[in-house]
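Let me put the model up, and then we'll walk through it chain by chain.

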Amino acid sequence: MSAIVLFMAVIAVIVGWWLSQQRLTAKPWLEEGSIDDFPGTGAMTVPAAKLGLGVFLAVATSLFALFISAYSMRMDMVDWRALPVPALLWFNTGVLVLSSVAMQWAYVSVQRNNMDGVIVGICAGGASAIIFLIGQLLAWRQLSAAGYFVASNPANSFFYMITAVHGLHLMGGLAALGRTTAKVWRGAEMPQLRLSVELCVIYWHFLLLVWLVVLGLLTGWTDDFVNICRRLLS
Amino acid sequence: MVDVPYEATVDVPPAEVPEVELYHPKSWWTQYVFSQDAKVIAIQYSLTATAIGLVALVLSWMMRLQLGFPGTFSFIDASQYLQFITMHGMIMVIYLLTALFLGGFGNYLIPLMVGARDMVFPYVNMLSYWVYLLAVIVLASTFFVPGGPTGAGWTLYPPQAILSGTPGQDWGIILMLSSLILFIIGFTMGGLNYVVTVLQARTRGMTLMRLPLTVWGIFTATIMALLAFPALFVASVMMLFDRLLGTSFFMPALVEMGQQMKYGGGSPILFQHLFWFFGHPEVYIVALPAFGIVSDLISTHARKNIFGYRMMVWAIVAIGALSFIVWAHHMYVSGMHPTFGFFFATTTLIIAIPTAIKVYNWVLTLWRGDIHLTVPMLFALGFIITFVNGGLTGLFLGNVVVDVPLSDTMFVVAHFHMVMGVAPIMVVLGAIYHWYPKVTGRMLDDWMGKFHFWVTFLGAYLIFFPMHYLGLLGVPRRYHEIGEAAFITPSVHTLNAFMSVVALIVGLAQIVFLFNLVWSYFKGRPSGGNPWRATTLEWQTPETPPGHGNWGKELPVVYRWAYDYSVPGAKEDFIPQNQPPARRALQGATP
């Protein structure tokens, strides 16, 4: 459970830091009057959707941290046999990186009021995300063709399960991207578009990051690092 | 009992967060069924939770009938008894209490108390309810599928949860896990709303330290739930994989009916870690809103400001943080390393400190207050006593050496029913009596309410106090019949029969409550806008029940904290949060 406890510690630090900015030591019973006397204590001015995405990313990180915790605990059992890494995963990773780069392109374009760039960015981002998903399906097929079925070893089970959960999250992102694309289609103004694109980009980078961590764990490349961390903790 | 007139202040400063365009329903369907108004969603949540809660109440009757009069009722066999236990526990903890506190009270009170027009994502909020309803329907459908609901116990421990000896192994467990996954998805949608609304949609002047404790409680509990429910999600998904795809996440090598099963190497303890990483915060997800609400009830009905508001806030935050590092105290008998046991016992006992601070502050709020023994106040007082009782037995069970012999006995059942069954339900009921006038514009009947309180309160003690004694004798939990054993004295049987009769009576008393809810809706005394003469914003709405958008033309502006009761020199014994200081001076009050 060290992954999730570590994540909770990070959350605790963030929440603690934020709370420390909120005058929690104030004596509200003595402080009647307009808020102008107490600057910086009002509601957050971040757009609600952005804040909502931030909270959702915390929830999703908690979810993946728990999968990783379960993974590392189950890994210690004697029946664990690491599975071979299909070369296709390299390609998929590259495509997902491209997807994030394209989305970043869209973000930069939206900041510069360049509508053509936005369209190119989100179309390329969406298309490469779809290619990534197809690539993941192919990787599944390669593995099962080679006899690595979901139930034949816990390492396989985790591989299929975590990639599926990651894929589902990406599909959710594609739905949001679809709505943004529809906005562009309907000829929405740049200011309306700016937030939608920004949220999609944040989510894309998040999923790329999750994928890199998950890939490192599932393929065992980060085993040494994990061992060092474990030794530090215990 | 006068309606507090709403007057926009002459010089309203601009809001920090600009007003967003409010969604307006266009038809009857979108106004009352697929509504995006948090108040309607709150009522939908509450009614659904109450309906499924009543099912769980009937299940508890069935269990009590069997325990009190074993062998008398032919329609209850061992399998069914286990199914009743499982469904009763799961429904009460998750589908009733969590949904009611966060989905029900959260939706109704957060926007009103922070001075917002609605939740920030009304559409997602609506989806949240419909996914929750789907989860409830999937759960209830297990009563009608072949094999019936799962009988794995509410903790659903593998390997037995998905083995053929356990009732509901076919459909019951699959649908239960699916329902939990749906519930978590639905809750996450709602939870995002509650958190972001508190952070971002507070009206001008509503600083965090001016929030009523109800909002603090619900807010913190929601953050905890958002972070803890994924653990149940992960556990449910993995168990579904084990059950449907034959993986071995949790399933060790097993021989069933002389046959080697396909499973091997899995770790049941892994499930326990995941389950309790959710399960312990869950206790506080239910308790923190209760803490917050009870603080407001006590302050309002004792006409006194809450004692130690800052401490109350800090305690809520501290409890929220600590509750994530105590989970393994549910696993003392799982064969864990003694050092771990020591660590978790220590954190468990530390959490008693902020909790005790809260209890002291409630008592000190009451001290020399102008206590009105209204029905909400009675329930609030009932909560404090019950929570202290349940909390003290929690100190027993938090210690490894005491927990090991008491584990899996009726003592544990008595403990958690006191602390997270009866105590939060007291708050739920008190809160309904308190806010019903705001929701409907009419008062609940007082006599029926007092009758309901006394039967429920005394009855709960008559049921659960003797249960501690049974547990100390060693009577095990989850047994549908205890049979003959040296430690089973005749008094065990007598007490069991007695508790069962009381349980039937307490259950029936809830019918009076339900009748009161319906009767008062049509015939109750009109309440006016602020019958309890309370300070918080929800009582200052221009209309009662609050209209769509809550606040008429302009959002309220907050000038003070939520607990200005009996302020020396003030004309009235309460000053609403949105009353500017200047007006108070006009009334001849000293600043």
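Before anything else, when I say contact, I mean two residues whose C-beta atoms, placed from the backbone, lie within 7 Å. And keep in mind that this is a predicted model.

So, chain A. With that cut-off, 76% of the contacts in chain A with a separation of 6 or more are between residues 24 or more positions apart. How many of its residues count as buried? Of the 234 residues in chain A, 34% do.

One backbone detail here: Arg23(A) isn't a glycine, yet it has a positive phi of about 55°. You'll find Arg23(A) in the loop between helix 1 and helix 2 of chain A. It has 16 C-beta neighbours inside 10 Å, so Arg23(A) counts as partly exposed.

Over to chain B. This one comes to 16 helices and two strands. Its radius of gyration is 24 Å, close to the 25 Å that the globule rule gives for 591 residues, so chain B is as compact as a globular protein of that length. The C-alpha atoms fill a box of roughly 85 × 50 × 50 Å along the principal axes. Of the 591 residues, 57% count as buried. As for contacts in chain B with a separation of 6 or more, residues 24 or more positions apart account for 80%.

The domain assignment of chain B gives domain 1, 36-206, and domain 2, 528-591. Their centres, over C-alpha atoms, are 36 Å apart. Where they touch, domain 1 puts in 12 residues and domain 2 puts in 14. On the domain 1 side, helix 3 of chain B gives the most, with four residues. By class, that side has five nonpolar, three polar and four charged residues.

Now the largest nonpolar core. Which of its 238 residues touch the most other members? Those are Val195(B), Val234(B), Leu274(B), Val294(B) and Phe379(B). Helix 3 of chain B, residues 78-114, gives the most to this core, with 24 residues. Domain 1 and domain 2 of chain B both give residues to the core, so it lies between them. If you zoom in on Val195(B) and leave out residues up to four places away in sequence, it touches Phe219(B), Thr222(B), Ile223(B) and Leu226(B), plus Val55(A) from the other chain.

That brings us to the contact between the chains, which takes 45 residues from chain A and 51 residues from chain B. On the chain A side, helix 1 (2-20), helix 2 (48-75) and helix 5 (154-185) each supply at least two residues. Helix 2 gives the most, with 13 residues. By class, the chain A side divides into 31 nonpolar, 10 polar and four charged.

Another cis bond joins Thr544(B) and Pro545(B), with omega about -10°. Pro545(B) is in the loop between helix 15 (490-523) and helix 16 (581-586). And Arg303(B), a residue other than glycine, has a positive phi near 50°; look for Arg303(B) in the loop between helix 7 (268-301) and helix 8 (309-322).

Terms used:
Residues numbered from 1 in each chain as written. Chains lettered and ligands numbered in written order. Predicted model: local features only at pLDDT ≥ 70, side-chain atom pairs only at ≥ 80, totals over all residues. Nonpolar A, V, L, I, M, F, W, Y, C, P; charged D, E, K, R; others polar. Core = buried A, V, L, I, M, F, W, Y, C linked by C-beta atoms within 7 Å. Buried ≥ 20, exposed ≤ 12 C-beta atoms within 10 Å, placed from the backbone. Domains from an automatic or database assignment. Rg over C-alpha atoms; globule rule 2.2 N^0.38 Å.
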